[in-house]
Amino acid sequence: MFKLLEGPQTLGRGKKFWLCFVAVLAGALSYPLFADSYGVGNFAYFLIWIFMALGLCLMWGYGGMLSFGQTLFFGIAGYGYGVLAINMGGGTATIAALALSVVLAMIAAGILGYFMIWGGINGIFFGIVTLSATLVLAFFLGQTAGPEWHIGPARLNGFNGMKGMDPLTVGDFYVEGSALYYVMVALIVIVYLALRMLVNSGIGNVIVATRENPQRAEMLGYDVRKYQLLTFVIGSGLAGLSGALYTSWGQFITPSSIGLPAAAMPIVWVAFSGRSDLTATLVGSFLLLFGFQTITVYSQQAALVLMGALLLATVMLAPQGFVLGIGKLAAGWWGGRGPSDAGASLTETARLQSKES
Amino acid sequence: MSAEVFSLFYQFADVFAFLILSAAGLAIVFGMMGVINMAHGEFIMCGAYVTVGLVNLGVPLAIAQILAAVTAGLIGVLVEFLVVRRFYKRPLDSLLATWGLSLIVTQSMLLIVGSAVRGIGTPEGSFAIGDYTFSTYRLVLFGCAVAVLAGLYIIFMKTRFGVIARATMQNAAMAKALGARTGRIYAISFGIGTGLAGLCGALYAPTMTLIPTMGATFVVESFVTVVIGGANVLLGTAPAAVFLAMIRMALNASYGQIIGQIGMLVAVIVIIRVLPEGLSSVLVRRGR
Amino acid sequence: MTLVEVKGVSKRFGGLTAVSDVDLAVNVGEVHCLIGPNGAGKSTLFKLIVGLYPPTQGSILFDTVDITAERPYARVQRGMSIKMQAPSVFKELPVRQNIQIALQERLSGEERLAEEDRLLTLLNLAADSDKLAGALSHGQQQWLEIGMALALKPQLLLLDEPTAGMSPEETFRTGELIKSFNAEGMTVLVVEHDMAFVRQVAQRVTVLHLGKIFARGDLESILQDEKVAEIYLGKTHAH
């Protein structure tokens with residue numbers, strides 16, 4: 001089964017790659033030992049969004065479905081976590097609230113995905129229908145300021161945002177600070193490796209086959225709609241995981257994390273990083289989040305202008321993504337001249353070139 | 001009784017005008033070039049700001065509105081030349097590029113202009129039928145929406161440009177082989193599309209608060225109208241707007257704006273499942 | 001025994017009737033060729049059998065089960081396998097992965113690898129197995145797609161002009177390949193207008209003309225049918 005960690009659908013194979021992986025992981029695990037708690041909290045904050053990026057990478061890069069609805073499911077699970085945590089009374093129940101809110105996001109994705117995929121919506125329209133749904137949810141939550149908008153004791157609270165839910169808690173222990181950071185790192189490792197295995201599995205084969213040529217895939221006996229729905233639900237569930245963790249991290253969520261410009265952010269991260277590879281998305285998204293946060297301290301608008309400029313620059317200059325392109329160059333330059341590696345990298349280069357043309 | 005009937009018509013006309021004015025520009029660009037202009041809302045915003053700026057300088061409202069639409073159209077031609085033109089073979093990338101543009105424009109506006117701009121207030125004028133009072137300006141907006149549809153009909157069905165444009169729409173390579181300057185036609189069509197967006201902003205500027213993010217208020221309506229209307233502005237967008245306006249009107253009246261919007265979205269999602277090729281496919285098939 | 005039965009099938013597109021009240025039976029174990037001049041409705045009939053279009057009228061049976069309303073993937077799961085007219089492979093995936101995607105439902109592990117190798121060798125693609133499918137020549141892509149269709153080990157192989165764009169040698173080899181699979185018990189339905197190829201592989205032939213069945217029979221009788229020769233030369237072409 002661990003064979004599936006490497007395969008034609010993911011870059012990075014062999015000892016060298018996994019040594020790098022272990023080194024980065026070791027660095028991440030030892031970071032709280034020599035950083036202050038503010039730094040650790042900040043890092044945990046960047047990591048929240050990685051799930052959303054990986055989910056979009058799966059849907060868009062592997063499945064060929066460009067969803068603009070990542071923040072829709074982020075919001076559903078984020079608000080869902082808040083409502084459930086408040087109603088279930090905090091404590092260890094917050095773990096259940098987290099799981100349930102992600103399930104809620106996946107159910108919502110299942111329903112929306114069913115109508116779109118069985119309705120034959122693809123390409124551009126997939127994007128604008130998901131974005132419309134996202135904006136409508138943001139508008140709806142924006143006008144729930146009145147006291148009549150509540151679910152149990154949980155007030156939705158319009159643009160001021162919902163607050164008062166407990167963070168993730170085990171017994172009496174609040175999962176905050178370094179503990180939350182370690183949870184986040186562990187979840188990312190699990191999700192990253194699980195996605196690698198998924199895309200290199202038989203299911204992953206069908207997912208990329210559907211991206212390449214849905215009719216041919218159907219002619220091989222696959223009901224491509226089911227695979228598309230599965231991809232959409234997993235990708236949206238990951239966005240939901242980000243949302244629930246976000247609410248737990250800050251005990252707070254507002255409609256502005258759903259609507260514009262928030263909805264554009266996952267697209268920027270994944271496009272800039274290189275949508276066709278999970279590792280590139282992981283690395284690139286982290287870098288962008290880090291940079292974004294650094295600039296936001298001075299001016300959020302300036303940071304967003306930069307994000308817009310990066311998106312424009314990516315599609316104009318490197319449609320396959322900057323991080324992926326640089327990673328390829330570096331890998332080629334650094335070594336890996338073994339016969340099998342050379343063949344593989346040739347295949348990859350050809351794949352990129354045919355993508356560009 | 002007639003007052004009630006007129007009131008119903010008035011509500012319908014109000015929503016219909018909003019849908020047509022916000023969607024027409026987007027639909028033309030999509031129909032002609034297969035491109036969804038994600039910066040559509042920003043062209044609307046541009047129209048609104050130019051209008052208000054000119055009115056504050058003392059230009060009469062109607063003239064300011066026309067100038068605003070022309071400005072948005074010219075900026076559109078420039079954007080087509082600099083950005084959109086590269087992406088005609090990559091429609092998804094054109095979506096991303098224009099979205100990047102949209103982010104740059106809104107956030108820069110927030111940086112430069114800030115969030116508050118002095119509005120100009122809705123032109124007064126109202127009239128009463130029975131116990132109901134109606135705003136004259138809302139009827140003017142409806143008139144403008146009908147005029148836009150009529151104008152598009154004339155441009156695309158009766159002019160030389162329209163013939164070439166429709167030929168390009170059908171088969172760009174063939175039109176090019178027959179001597180049509182497709183590049184120029186695309187630029188002009190994109191300009192007409194963004195000009196209509198600017199007109200929409202100009203017309204609604206007196207009725208709303210001006211903020212750089214106001215474009216987002218229009219995009220859901222324009223998206224869903226284009227999604228079910230498909231690529232044909234005259235045969236798709238207009239009937240789609242009639243259909244959505246009825247749903248919207250019914251829900252607005254009893255449950256308020258936001259439920260109206262949610263209802264419209266749900267209707268669209270159900271329609272794409274039932275009629276995968278959009279409303280216009282049914283109409284076109286019937287037409288044959 | 002009949003494997004596929006097309007009963008009274010018509011297909012209209014708007015005002016155009018592409019296929020009109022066609023009956024067709026393909027028997028188990030035969031190589032059946034569907035021929036006819038351009039515009040005869042061959043490809044439309046093929047797409048109706050495959051499930052890409054719903055028929056306007058009539059029904060289609062596979063192994064005595066009515067499959068008229070089934071989508072293509074369900075028909076494939078019943079034992080059909082399809083090669084479309086234009087080469088349709090996963091262009092940005094390596095050749096071997098193309099075959100693997102076709103094989104993976106049926107075989108796994110070492111068995112699958114062995115079968116991949118066997119098919120790649122059979123198709124003369126072993127040396128190119130790491131290339132992207134899109135980098136293959138047109139003829140090689142046709143072969144790859146035939147390989148993908150064969151990988152499903154179908155009861156019925158459906159081929160729409162499998163030799164389009166192939167050189168005479170490649171065409172001949174394709175014919176021999178089809179015959180060898182037929183010898184192992186596979187039923188084959190081929191849409192084709194290359195008469196040399198039809199002579200090479202066909203056992204029974206159905207001639208379609210202007211959307212209707214024009215003639216049917218074994219290869220010899222069709223080849224000697226003067227009317228069939230005439231429609232190919234255009235003499236009785238109505239328009």
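Which residue stands opposite C:His209 in β10(C)? The model is predicted, with local features requiring pLDDT of at least 70 and side-chain atom pairs counting only at pLDDT 80 or more, whereas totals for chains, interfaces and linings use all residues. Residues are numbered from 1 along each chain as its sequence is written, and chains are lettered from A and ligands numbered from 1 in the order in which they are written.

**View 1. The open sheet of chain C.** Six strands lie in the order β6-β7-β8-β3-β9-β10 with mixed pairing; strands are DSSP runs of E with at least two residues, helices are runs of H or I with at least four, and both are numbered from the N terminus. Two strands pair if DSSP finds at least two bridges between them. β6 (80–83) and β10 (212–218) of chain C are the edge strands, each pairing on one side only.

**View 2. Strands β9 and β10 of chain C.** β9 (residues 204–209) of chain C runs antiparallel to β10(C), joined by six bridges. The residue opposite C:His209 is C:Lys212.

**View 3. A helix on the sheet.** Helix α5 (residues 138–151) of chain C packs on the sheet and touches β6 and β7 of chain C. Its direction makes about 175° with that of β6(C); axes are lines fitted to C-alpha atoms, for helices over the stretch in contact, and angles run from 0 to 180 degrees between N-to-C directions.

**View 4. Chain A against chain C.** Here, 21 residues of chain A are in contact with 24 residues of chain C (C-beta atoms, placed from the backbone, within 7 Å). α7(A) supplies the largest share of the chain A side, six residues.

Methods: Two residues are in contact if their C-beta atoms, placed from the backbone, lie within 7 Å.
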